[in-house]
Structure formats: C-alpha cells, structure tokens
Amino acid sequence: MSQKKMVDVIVIGVGSMGSSACYHLAKRGVNVLGLEQFEAPHDLGSHSGQSRIIRKAYGEDTDYVPLLIKAYQNWETLEQETQTKLYYQTGLLYLCAPHNQYLNNIKCASKAFNIEVNTISKESLNSKYPQFVIPHNFEHILEPQSGFLRPELCITKLIEQAILRGASIKMHEKVLSWEQHQGMIRVKTDQDLYYASKLIITAGPWASQLIPTLKPHLKVIKQMIAWVKPKSWEQFRLGNFPCWILNDLNLYGYGFPALPNETFGTPLGMKVALHQYQTGSDFNPDTKDRRVHQTELDLLIHFMKQFIPEGFKEILQSKTCLYTNTLDSNFIIDHLEGYDKNVAIAAGFSGHGFKFVSVIGDILADLILEKSTKYPIKFLNASRFKR
Ligand SMILES: Cc1cc2nc3c(=O)[nH]c(=O)nc-3n(C[C@H](O)[C@H](O)[C@H](O)COP(=O)(O)OP(=O)(O)OC[C@H]3O[C@@H](n4cnc5c(N)ncnc54)[C@H](O)[C@@H]3O)c2cc1C
C-alpha cells in the first residue's frame, strides 16, 4: 500500500459540514484528506445562494442554543484568522400569526439563555419597518444579534484554512464506495483508492447513497429561492432593512436585505424565499435539471404582494437548492453503528444547518478523535428513528 494514500481521517463531501470538519481536524494537527465530487462551493448541493440566516433564540428547539453560542464564537474566530467578514448583523424580524408555537419557543430560548429579543408594537413596526403590511393581530419581535452569513465565502475560507494547516482536499473526485478492510477504512473514488484509520461522512443530499441505512430516515427536497427587484431599492438595501421570517400558519417566508453587487457579487436583487419544508417528493440529487417552476414563483409573488408590496416589482433570478430532511427536522450527528466509533456522520440538516457549520466541524473532530464530545448533542443521535 502506498504511504501517500494512507491518512488519519478521510472526510467524504467537502461542502458545508465537511469543509468545517477538515478545518477543525487540520487545526488539531491531524492528517486529513477531504474528497469532494465537485468544486466546492458549488450550486448542486445545499449551500449555494449568497446568504444564510444565523440566529440564536432558536424557535426549532432550545437544545440547539448551546451549539449556536459556540457557532457564533467559532465564526468570529474564522473571521479573525482570515481577516474576512463572513457575518453581517442586520437584526432579524419575526412576524407571526397569533398563538404561534415557534414564537413561544423563541421567547423561551431568549429567557433561558438571556438572548435579547424585543417585542415590537404595531405602531413601532409601522414607523420602523413600513415595508411590511401585516395583519393587525400578528405578533412581531426583533432579535438584534442575528443576521446572515455568506455561505460560499465561509466554505472557501474553511477549505483555505484547512489546506494552510496541512489538509489535502481533492476536488472533482467522487467517492464510489467505502468499507472497513483489515481494520482500516478503504475508500474507492472514480480515480483512486485511499486508506484511513477513521472516516467522516458529510455528503449532504447524497448521504443515503453512502450510508444506505439512513435512506428510510432522509428525504431530499428541492427548494426555490429568488432575487427580486423592489419598487424602490433604498428602503430595502443592507443597512436599511433587516433579515425577516414571516410565519402566517399557511406559509413560512423569509428574506434578506438587498445586497450590493460590488461586495456580494451576483445575483442582483433582494433574496426572498418560502420555506416549504413539507412539500415535494424525494429528489435524486444526481438530477441535473433544477429548473424552477412557474407555480412556485407565482406563490412567492403572491406572498410578496400581500406582505411586502413595495418590495416586489419583478423576479430577477431564481434558483433551486436542496434540503435533506429528517422525520423530526433535527440533524443527525453521531457515530455510525457497527464501526467501533471509527466512522462519524453528519446528515439531515433539514434546511437549517448552515449557521451551525462552524461548530459541527469541531463536534465531528471530537467524535472521531476522542470517540465522544463535550457538546450536548444527544438529541441528534441516529438511533432515535429506530425506536
Ligand atoms: C434554499 C435553502 C435555504 C437555506 N437557508 C438556511 C438559512 O437561512 N440558515 C441556515 O442555517 N441554513 C439554511 N439552509 C440549510 C443549510 O444550507 C444546509 O443545512 C447545509 O448547507 C447542509 O450542509 P451539508 O454539508 O449537509 O451539505 P452540502 O453543503 O451540500 O455538502 C455536501 C457535500 O458532499 C459532496 N458529496 C456528496 N456525495 C459525494 C461523494 N460521493 N463523493 C464526494 N463528494 C460528495 C457534495 O458534492 C457536497 O459538496 C438552507 C438550505 C437551502 C437549500
């Protein structure tokens, strides 16, 4: 066996979670090889689209908050190490129909972890954020220490920092199979064979191709995002407009301020989307046809005209991106059963994983090197679906 092809840890999939795993392993002095089928970042997985919301008073489940506290710290460290701005604090406005459980959870998380969230009266909403036209019985709260990350730049910087610390990252190399072989892990790609003591699989929408036992627990769905031209730019530009989430029971929309092209590149426009978690059939991520259908655009246009009428003049561009959903919308971060804790997996990020990227690499490095982690991730174990 060639020494060149034997490493401590192989990471399959160098997208969001995999780039972070490579970075954290390299930071700990581990000889790591990352294998990526495309050129990351790319727009065929789950991480493309210019921006990702990051927030701390977590409405999905307060168990995520300790992870988020560390994620914020780790993003800041990466910004300092790379002298690059990755996080933009815009504040996040939640606009929700009454008796909304999600909003109650946010308030509980805020109380339990002392995270600032401010209730906004109808009057101050109208004066501070006249861009929104909201039913009179809606509740509004603002989480000031929220904003967005630049996903493609985050991944680029994680990969760059991993390489600078000695990681080897091979792009355009697809993993075809892996197995335990004579006490080691053997990984076969479309170009070569590699051996390692340990393996991390962070394959996003392709996870169940590499881990067939996950297949019944994961569903990949297409999500549409669009960049729109507002009727006037000024009131929607970065600095004048926050990130927002609007939940009216039937629809869950979210959006970002319009970002200047000189800093953020294309697409031009203000990014808006509907979080359609429940809809869509299981999508094969190898399908190259990612066209957006007019019916999806029509739903978004209707939503914008109803709630942010000045924000919509026309659609400038639209794209699709993939969610990999679990049955309970919680992530799976665990050892893979049957490999004596030598294989770790992170999958099923269910449309809300990016903000955690900076901490999940750290957790995966713990799991694979120490066989356990100090982070409270029991609620993300893989065996919960077997019960
Ligand atoms: C439209 C949309 C909006 C979102 N908004 C937010 C948001 O606002 N906030 C937030 O926190 N999260 C958000 N998310 C979720 C977040 O982006 C994802 O949870 C996260 O990117 C998932 O990361 P991943 O590493 O699992 O997948 P990916 O980033 O797709 O990485 C998986 C990688 O594995 C590679 N790979 C797979 N199979 C192989 C193989 N056989 N060989 C080699 N390489 C392989 C793939 O090419 C890919 O690069 C959003 C997602 C979408 C789609």
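Visitor: In which helix is His-24 found?

Guide: In this predicted model, His-24 is found in helix H1.

Visitor: Why does His-24 count as buried?

Guide: Buried means under 20% relative accessible area. His-24 has 8% relative accessibility, and it therefore counts as buried.

Visitor: Which residues does His-24 touch, not counting residues up to four places away in sequence?

Guide: His-24 touches Asn-74, Ser-358, Gly-361, Asp-362 and Ala-365.

Visitor: What makes H1 mostly covered?

Guide: Eleven of the twelve residues of H1 are buried. Among them are Ser-16, Met-17, Tyr-23 and Leu-25.

Visitor: How does the reach of helix H1 from its first C-alpha to its last stand against the expected value?

Guide: Helix H1, residues 16-27, reaches 17 Å, close to the 16 Å expected at 1.5 Å a residue. Just after H1, Gly-29 takes a positive phi of about 80°.

Visitor: At what angle do the axes of helix H2 and helix H5 cross?

Guide: The axes of H2 (residues 65-82) and H5 (residues 151-164) cross at roughly 65° and come within 11 Å.

Visitor: Why is H2 called roughly perpendicular to H5?

Guide: Angles of 65 to 115 degrees count as roughly perpendicular. The crossing is at roughly 65°, which makes H2 roughly perpendicular to H5. The crossing in which H2 passes H5 is left-handed.

Visitor: Which residues in H2 and H5 meet?

Guide: From H2, Trp-75, Leu-78, Glu-81 and Thr-82 meet Cys-154, Lys-157, Leu-158, Glu-160 and Gln-161 in H5. The residues of this contact comprise four nonpolar, two polar and three charged.

Definitions and conventions. Residues numbered from 1 in each chain as written. Predicted model: local features only at pLDDT ≥ 70, side-chain atom pairs only at ≥ 80, totals over all residues. Heavy atoms only, no water. Axes fitted to C-alpha atoms, helices over the stretch in contact; angles between N-to-C directions. Helix = DSSP H or I, 4+ residues; strand = E, 2+ residues; numbered from the N terminus. Parallel < 35°, antiparallel > 145°, perpendicular 65-115°, else oblique. Left-handed = near helix turned anticlockwise from the far one by under 90°. Contact = heavy atoms within 4.5 Å. Nonpolar A, V, L, I, M, F, W, Y, C, P; charged D, E, K, R; others polar. Expected span 1.5 Å × (residues − 1). Buried < 20%, exposed > 50% of the residue type's maximum accessible area, 1.4 Å probe, protein only.
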